[in-house]
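Please look over the sequence and the structure shown here before reading the report that accompanies them.

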Amino acid sequence: AAASVGILDVDLCGPSIPRMLRVCRPEVHQCEAGWVPVYTDQQQNLALMSIGFLLEDPDEAVVWRGPKKTALIGQFVRDVAWGELDILLVDTPPGTSDEHLAVVENLRKHKIDGAVLVTTPQAVSTGDVRREITFCKKTGVQILGLIENMSGFVCPHCSECSNIFSKGGGEELAKLTGSEFLGSVPLDPLLTHSLEEGSNFLQAFPESATFSAINNIAQKLLLHMKDG
Amino acid sequence: YVISKCSWSWFDLNGIVHVSDCPGTSSEQAGKTSACQGCPNQSLCASGAAKAPDPAIEEIKVKLATVKHKIVVLSGKGGVGKSTFSANLAHALASDASTEVALLDVDICGPSVPKIMGVEGEQVHQSGSGWSPVYVEDNLAVMSIGFLLGSPDDAVIWRGPKKNGMIKQFLRDVDWGELDYLIVDTPPGTSDEHLSVVQYLSAARIDGAVIITTPQEVSLQDVRKEIRFCQKVNLPVIGVVENMSGFECPKCKNTSQIFPPTTGGAERMCEELGLPLLGKVPLDPRIGKNCDEGKSFLSEVPDSAAALAYQGIVKISAQCEKG
């Protein structure tokens, strides 16, 4: 049976997930149990909550200071009627600030399985993720693992591999900090194109190396959930 | 029934965000109306403290009177190459030895600038005239919270108010001296750091903002918000840079649009919004490599397509006063 998953998008300044799942302009309705999340599919296996759904004008800037962001994230956790979920994924903006603290503080009582950290291979990126690892350690969030994204590009014309953003930095960082390395995901125009259109990449390109990479990571995480 | 949609707002010179129904922080009703219930700033407004302007704003105006041009680099999305651009802009401007340049990194949580400029691990010294920035060249200074952290693992887990305090100090207490250009590199978004930079520089005046994006709509979506932010706070937009604009395979020379401009890229967006497109920079592995090594990409690979694109963009950005 398919798992039921919820995504909570707490990137309040740059909510991208609605577009990536092709659910741009629905409204959020209220029921007795709270705010109804937006379902991305008929079977209601994938639910989403994002500030993107609450804006009159999609181009409107959310120019909020920390306290207001913290308050809305608190509402997202308290008031959204997710129903029965196997997994709740929380997507955060970059940083170690109000949003991240709000998520940890609000979810703590509901038990957080852990955090997945995403980096690109180059040192400038892993340099920031090192600090994110410290954030997790300081706030008591278990690190489920690191993912090295944008890891190499295979030219669709000649198959030459170019390490546009370098390579291996994520794996090195995992080793350095004693975290599990979950895997690398390559740069793939087919993936970025799918995200632009909100189409399901995994359904469309199940033979691709990118699919394999993402799927392997997902399987590792599911194992963690079972054991954890 | 539908949850009432939220419509936002503007911020006043004190950096307090107003929402619809907000009576305004300087109003007699500030903090006292029914609309104020639940607003995180309610007690501040009710106490009257929100009305008084922060004295630091005037102090900063005085301190930065010796800075001719101030340019803020913004993006909506993370990872689009803002810090890379800021660093290259700084290097390019400073390539003329008679031009005094400084780069201020206000990305408090993810301070990449020290590494990109090759001065990671350097320390900031304090003197009678304030904090001394770190000099990359005689005419190129850098300031970042990165220099104040003891270890590369140190995390700055600060909420908004503390970040704002740090930014105030960077602007008020650093001894920049005479500068032709002060470039301010920001984290992605439209939040505390951005409001504080605009607020604290409100008397000193910012020439304008350069906004960085990548070609795809997922990125442009956030850039449009960034542009709205600039409009809200009366920050002129010098122009938009489209980064990661195609990749030419070094072997077969075919170009791939790894981040596809499905809605026309920055070019169409700029046309629609009447903003200048400063240029398009292609992906080049040597850019990231030089950033990692703390070297100037423009000096190391001056003949590359990316370097030429950057040079063109820098020329226009530097003319910000006319822009």
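The report below takes up confidence, then the contact between two chains, and then one residue.

## Confidence in the model

This is a predicted model, and for the complex the predictor gives an ipTM of 0.92 together with a pTM of 0.90. Chain B has a mean pLDDT of 88, and 88% of its residues reach 70 or more. Over residues 1–20 of chain B, however, the pLDDT is below 50, although this stretch has 66 contacts in the model beyond near neighbours in sequence. Where pLDDT is low, the predicted coordinates should not be read in detail.

## The area between chain A and chain B

The size of an interface is often given as the accessible area lost when the parts come together. Between them, chain A and chain B bury about 6,100 Å², and 57% of this area lies on carbon and sulfur atoms. On the side of chain A, the residues that lose the most area to chain B are Val63(A), Arg65(A) and Arg131(A), which together account for 14% of what that side buries. The contact draws on 64 residues from chain A and on 67 residues from chain B.

## Polar contacts and contributing elements

Across the interface of chain A and chain B there are 6 salt bridges. Arg159(B) forms a salt bridge with Glu105(A), in which the closest N and O atoms are 2.8 Å apart. Counting residues that are both at pLDDT 80 or more, 29 residue pairs are in polar contact between chain A and chain B.

The side of chain A that touches chain B receives two or more residues from each of these helices of chain A: H1 (17–20), H2 (66–79), H3 (98–107), H4 (123–139) and H6 (189–197). The largest share of that side comes from H4(A), which gives 9 residues. By residue type, the side of chain A that touches chain B is made up of 29 nonpolar, 17 polar and 18 charged residues.

## A residue within chain B

Ser75(B) has its place in strand S1 of chain B, which covers residues 67–75. Is Ser75(B) buried or exposed? Its relative accessibility is 1%, and therefore Ser75(B) counts as buried, since buried means under 20% relative accessible area.

The side chain of Ser75(B) reaches the backbone oxygen of Lys77(B) at 2.5 Å. Leaving aside residues up to four places away in sequence, Ser75(B) touches Val80(B), Lys82(B), Pro188(B), Gly189(B), Ile211(B), Ile212(B) and Glu226(B).

Conventions: Residues are numbered from 1 along each chain as its sequence is written. Chains are lettered from A and ligands numbered from 1 in the order in which they are written. Side-chain values use heavy atoms; hydrogens and water are left out. Contact means heavy atoms within 4.5 Å. Buried area is the accessible area (1.4 Å probe) that two parts lose on being put together, summed over both. A salt bridge is a side-chain nitrogen of Lys or Arg within 4 Å of a carboxyl oxygen of Asp or Glu. A polar contact is a pair of N or O atoms within 3.5 Å; within protein, one must be able to donate a hydrogen and the other to accept it, and residues adjacent in sequence count only if both atoms are side-chain atoms. Helices (H or I, at least four residues) and strands (E, at least two) are DSSP runs, numbered from the N terminus. Ala, Val, Leu, Ile, Met, Phe, Trp, Tyr, Cys and Pro count as nonpolar, Asp, Glu, Lys and Arg as charged, and the others, Gly among them, as polar. pLDDT is the predictor's confidence in each residue, from 0 to 100. Buried means under 20% relative accessible area, exposed over 50%, partly exposed in between (1.4 Å probe, protein chains only).
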